[in-house]
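Subject: Structure handover

Hello,

Here is the structure I promised to pass on. My notes follow below it.

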Amino acid sequence: MKRMEFLKLSGGLAMAAAAGKSSAQEGKKLHLVSLSFDDGFKKSFIRTAEIYEKFGLSGCFNVTAAGNRPESPIVDDYVSPGQLGDFALWNELQARGHEIMPHGHHHEHLDRLPDEEARKLIDSCLEIFAAGLKGWEAKRAVFNFPYNDATPLLEAWLPSRVRAYRCHGEMINPLPHPGTTKIGTGGFGPGNAEEDLDQAIADLLSLDSGWLVYNLHGLDEEGWGPIRATYLEKLLARLRTIDSVRIVPTARALAQYAGVKKS
Ligand SMILES: [Zn+2]
């Protein structure tokens, strides 16, 4: 089970990279928190969005382009096509202020495919997003690798297609800067991820600055490494009381805290 290898990637030290006129540059602490929800569970994503909206926050949702289609169904032990939402729902959530980003064409193992085939699937995924999601632009997007499994070739190529990509790596990243293209993430599963997430947040807050990108999936019993809806609500309430914390989706973190990518 590839996902088992994903178990417990603990957060690492992050150096605060200069990021525009950030709080960090002004000598204040700045902790960005991106809870990055994968796969596109209809029930869980609707509930997650509602919880974020209670706090006036934007969720970070990563979905497949075509994993709900009969001709290219998602194949995974922890998610089935019938659980997935569609672009009608993604447009609705986006219109409500949430971020919707690509998570593969149909959740394929891109690292196991020939490079050319992998690129074609990524391009197809991005085309489906551009056609299906109102106002969505690849150049501002974060591509979230299925299983977080990238390859050096794909990593070198993707910045020509998207703003940045998310894959296995230290889940506490430096603050975004104009050259940021690779976003590290980690998570815990297949059981409940709450204890691990609490520790990751404690690790982040022990630093002067950093950007935690923690990979989650569904709520309650749904998906790999779930958290409870009640836990998420309490967590967001707690984080909102900490002055240095900003809860932001990943592409928005790049747009707000990194500025324009250097060419
Ligand atoms: Zn996934």
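Y147 sits in the loop between β4 (142–144) and α4 (152–157). Bear in mind that this is a predicted model.

N148 belongs to the loop between β4 and α4 as well. Its phi is also positive, at about 60 degrees, and N148 is not a glycine either. N148 has 24 other C-beta atoms within 10 Å, so it is buried.

One more backbone point. The peptide bond from G189 to P190 is cis, with omega near 5 degrees. P190 is in the loop between β7 (182–185) and α5 (194–205).

Next, F41. This residue is in the loop between β1 (30–39) and α1. F41 counts as buried because it has 24 C-beta neighbours inside 10 Å. Which residues does F41 contact, leaving aside its neighbours within four places in sequence? They are V79, Q83, L84, G218, E222 and G223. The C-alpha atoms of F41 and G85 are separated by 6.1 Å, with the two residues 44 apart along the chain.

Now the helix pair, α1 (residues 42–54) and α6 (residues 229–240). Their axes come within 10 Å and cross at roughly 25 degrees. That angle is under 35 degrees, so α1 and α6 are roughly parallel to each other. The crossing of α1 past α6 is right-handed. On α1, the contact is made by R47, T48 and I51. On α6, A229, L232, E233 and L236 make it. By class, this contact has 4 nonpolar, 1 polar and 2 charged residues.

Then the overall picture. The protein has 7 helices and 9 strands. Of its 263 residues, 47% count as buried. Take the contacts between residues at least 6 apart in sequence: 73% of them join residues at least 24 apart.

Last, the core. In soluble globular proteins, nonpolar side chains tend to be buried together. Here the largest nonpolar core has 68 residues. Those with the most contacts inside it are L32, V142, F143, Y165, L212 and Y214. Helix α3 (residues 115–132) gives the most to this core, with 6 residues.

Best wishes

Key:
Residues are numbered from 1 along each chain as its sequence is written. This is a predicted model: local features need pLDDT of at least 70, side-chain atom pairs count only at pLDDT 80 or more; totals for chains, interfaces and linings use all residues. Axes are lines fitted to C-alpha atoms, for helices over the stretch in contact, and angles run from 0 to 180 degrees between N-to-C directions. Helices (H or I, at least four residues) and strands (E, at least two) are DSSP runs, numbered from the N terminus. Angles under 35 degrees count as roughly parallel, over 145 as roughly antiparallel, 65 to 115 as roughly perpendicular and the rest as oblique. A crossing is left-handed if the near helix is turned anticlockwise from the far one by less than a right angle, and right-handed if clockwise. Two residues are in contact if their C-beta atoms, placed from the backbone, lie within 7 Å. Ala, Val, Leu, Ile, Met, Phe, Trp, Tyr, Cys and Pro count as nonpolar, Asp, Glu, Lys and Arg as charged, and the others, Gly among them, as polar. A residue is buried if 20 or more other C-beta atoms lie within 10 Å of its own, exposed if 12 or fewer, and partly exposed in between; C-beta atoms are placed from the backbone. A nonpolar core is a set of buried Ala, Val, Leu, Ile, Met, Phe, Trp, Tyr and Cys residues joined through C-beta atoms within 7 Å.
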